[in-house]
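Subject: The structure I promised you

Hello,

Here is the structure for you to look through. Please open it beside this message, and then read on for what turned up in it.

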2 protein chains.
Amino acid sequence: MRATILHAPGDVRVEDRDRPVVQEPTDAIIKLVATCVCGSDLWPYRGDDALTEPVAMGHEYVGIVEEIGANVHNIRVGQFVVGSFFASDNTCEICRSGYQSGCVHRQGVGGAQAEYMRVPLADGTLVATPGIPDADKIPALLAASDVLGTGWFAAKAAEVGPGKTVAVVGDGAVGLLGVLAAKHMGAERIIAMSRHADRQALAREFGATDIVEERGDEGVEKIKELTGGLGAHSVLEAVGTQESMMQAIRATRRGGHVGYVGVAHDVELPGLEMFFSHVHLHGGPAPVRDHLPELIDLILTGRINPGKVFDLELPLDQAAEGYKAMDGRRAIKVLLRP
Amino acid sequence: MRATILHAPGDVRVEDRDRPVVQEPTDAIIKLVATCVCGSDLWPYRGDDALTEPVAMGHEYVGIVEEIGANVHNIRVGQFVVGSFFASDNTCEICRSGYQSGCVHRQGVGGAQAEYMRVPLADGTLVATPGIPDADKIPALLAASDVLGTGWFAAKAAEVGPGKTVAVVGDGAVGLLGVLAAKHMGAERIIAMSRHADRQALAREFGATDIVEERGDEGVEKIKELTGGLGAHSVLEAVGTQESMMQAIRATRRGGHVGYVGVAHDVELPGLEMFFSHVHLHGGPAPVRDHLPELIDLILTGRINPGKVFDLELPLDQAAEGYKAMDGRRAIKVLLRP
C-alpha cells in the first residue's frame, strides 16, 4: 500500500509499505477514506521536533473498517468510523471521567496518511457513524478526528458559555474551529486573533465578532480595550509557543479561564505571574473520543460544518505538496485522498 | 501606638508609631483585638523577599471599628469586623465574579501587627459579625482573615467535593486548614503530606485520613500508591516552591485539579509537562472576602474551629519571639494580642 513517510525535515515521501495487520485482538484495520496534514506534523517537518528515524505520518482519519481482532465487539467490518490520535480503552476511571486522551492504557495512533492503518483498542477508540455518510460530510467528519475535537476541547477547557467574551489565540485550523465551538457553546462575543485575510474571513464565517491583528503584548492590550480593561472571560490557546501562552494568559481576566491545546514547545510558565493572574489553566491533548458522538451528530444533522477548514485537497501521492502548502501558509489545512 | 516593624531580615521590632488616621472617605480605622504572624511574613524575615526599607508588618486582623470615613455606609463604629489582606470595592465585575482579591481597585492592606490599623475600601473589605463574639471565638475568626480563607480557596480551586480523594502539600496553617476545608466540603479521603508529628496530629483532627511523610517524587509515588496509580482528584498546594508545585501537579490524576495558594517563589512551570499532565491549575491570592460570610457563620455556630492552628499566643510586644518561633517551626502559627 501507499504510505506517507517523513525521512528528514522537509523530506516527505509517499512510498510502498506493507499493509498493516491485526497484531492484538483489540485492533482494527481501517481502509482510509480521507486523512490530512496536521499543524503538529509541521513540527518535525520543520525540524523543531527531533526525528531519529523515518516516521509514518498522520493521525487524523476516517475510513471503513476492513478487519477486526477477535476481541473487538462494538465495531464491525464495513462500518464507517472516526477515530483520533490516542487510542483509549474508554473503560478506565480516567476515560470515564472524560479524559480518554489520558487513558491508563492509551497508545499513540499513527500512520494515517496511508491507504490502510491499524487502530489499537478499536472498541474504545473508534466511533461508527449511523450508515455510510454522504461524500459531502467527509471533510467535516475528518475534521472531527482532531482539529475540531481539539478546538472543542479548548473551548470546554476555557469554560466558554452564554454571555461570555472569548478570545482565540492562533488562526490555524484548531483556532478557527475553536471559534466555531465557542459560537456553538453560546459565547456572546468571539475575538479571533489573526493577521491573515483568508483566515479572518473563515473566523467570521464560524462566528467571530471581532478580529485582532496585533500579537504579543499589543494583542493583549487590544483585548483589554475590547473588554473594558478586564480581559476576556475565556481564552483559547492553539499555538503552543511561549509567546502565545503568555498572550493567552495575559488576555484573560482575573478569575477567567485559559484552554490551551497547542503542544507546548519550549514553554516555561512564570509561577509568580501565574499566581497573580488568577486565571484557571487547563488543556493538553484533547479527549476527542469524548466529544466524537456529539460532534458526529452535529455534523450529520448539518448544524456545524467544520469541513470548511480544508482549503486544499490532494491525492495521497501528493502529500509532500500538502506539507509544503501548509508550511508556507498557502493552505489552512490539506485533505488527502488515498 | 505600638506597631511591629521589620527593619531587616531577622530584625523585628515593636515600636511607637503614629496612630493611623482616615485618609480617604472610604477608610476605616480598626482597634485590633487580635492579629498574627503569617507564613508569608517569613519570606522577607528570612531575606527571601527583598526589603528596601523598614516595613510595618501584618495583614491578618480582627478588631473593633474605631472610626470611619464619610463614605463608609455598611460598617459602623463599634462593630467587630474581620478583614483580609487585599482591600476590595466588592462592586466591580471582578469582585462580583467572586475574585475580590483581583478587584480592579484592590489595595494591599498592611500594618496589622499593631494596636490600630487603617483599612481602605472598608465597605467592600470588612465583614462585621452579628454582635461582639465570645472571646473563645477570636482565634477562629482571626484564622478566617487569611489562613482559613486561603485554605478554603485552595480547596475550592481544586474542586474538592464528595467522593473525591484530596492531597494537601504543605503542613503550615494554610495546608492544615485546607484539610479542614476539604473535610467540610465532603472529601472522601484526605491525604496530608507532613513529616512533623504535631502537625500530623492536627491534620488528623481536622479530617485527614492518611499521612504521607515523603516529599518530592517519593511523595508523588506514595500518593499514586494510595490512589490506584492514578493520583488524587484534587491537590492543594500551600507552599509556593518549585518542588511543592511540581509535587502537587504530579500527584494529581489526569483531568484532576490543583489549587495553589503558596506565593510562588522562583517557580517556573514546564509547559510540555503541564500539557501532558492534563491537570486543571487554579490559584492565586485567595478572595477571602468572598468566603468570609460563610466562614464566620460556620465558626460562630461551632461547626468548624480553625483557631486550633494557633499553638502560641504572645503579647504584641513580643512579636519578635513569635517570628522566631515560626521560623524555627516551634510554632505552627502565632497569635498576637495588642
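Strand β1 (residues 2–8) of chain B is joined by six bridges to β2(B), and the two run antiparallel. Before going on, please note that this is a predicted model, in which local features need pLDDT of at least 70, side-chain atom pairs count only at pLDDT 80 or more, and totals for chains, interfaces and linings use all residues. Residues are numbered from 1 along each chain as its sequence is written, chains are lettered from A and ligands numbered from 1 in the order in which they are written, and side-chain values use heavy atoms, with hydrogens and water left out.

Helices (H or I, at least four residues) and strands (E, at least two) are DSSP runs, numbered from the N terminus. Two strands pair if DSSP finds at least two bridges between them.

Within that pairing, Leu6(B) sits opposite Val12(B) of β2(B). Three strands of chain B make up this open sheet, in the order β2-β1-β4, with antiparallel pairing. The edges are β2 (11–16) and β4 (55–56) of chain B, each with a single partner strand, so one side of each has no neighbour in the sheet. Helix α12 (residues 319–327) of chain B lies across β1 and β2 of chain B, at about 160° to β2(B). Angles like this run from 0 to 180 degrees between N-to-C directions, and axes are lines fitted to C-alpha atoms, for helices over the stretch in contact.

Which order do the strands of the twelve-stranded open sheet follow? The order is β13(A)-β12(A)-β11(A)-β14(A)-β15(A)-β17(A)-β17(B)-β15(B)-β14(B)-β11(B)-β12(B)-β13(B), and the pairing is mixed. At the edges stand β13 (210–212) of chain A and β13 (210–212) of chain B, each with a single partner strand, so one side of each is left without a neighbour in the sheet. On average, neighbouring strands of this sheet are turned by 20° against each other, direction ignored.

In chain B, strand β14 (residues 232–237) pairs with strand β15 (residues 252–260) in the parallel sense over five bridges. Ser234(B) has His257(B) as its bridge partner in β15(B).

**Where the chains meet**

The contact (heavy atoms within 4.5 Å) takes 36 residues from chain A and 36 residues from chain B. Between them, the chains bury about 3200 Å², 62% of it on carbon and sulfur atoms. Arg254(A), Phe275(A) and His278(A) supply 23% of the area that chain A buries against chain B, more than any other three residues. Buried area is the accessible area (1.4 Å probe) that two parts lose on being put together, summed over both.

**Two pairs of helices**

In chain A, the axes of helix α5 (residues 147–157) and helix α6 (residues 173–184) come within 7 Å and cross at roughly 55°. α5(A) and α6(A) are therefore oblique to each other.

In chain B, helix α5 (residues 147–157) and helix α11 (residues 288–300) pack at an angle of about 110°, with their axes 10 Å apart. α5(B) and α11(B) are therefore roughly perpendicular to each other. For these words, angles under 35 degrees count as roughly parallel, over 145 as roughly antiparallel, 65 to 115 as roughly perpendicular and the rest as oblique.
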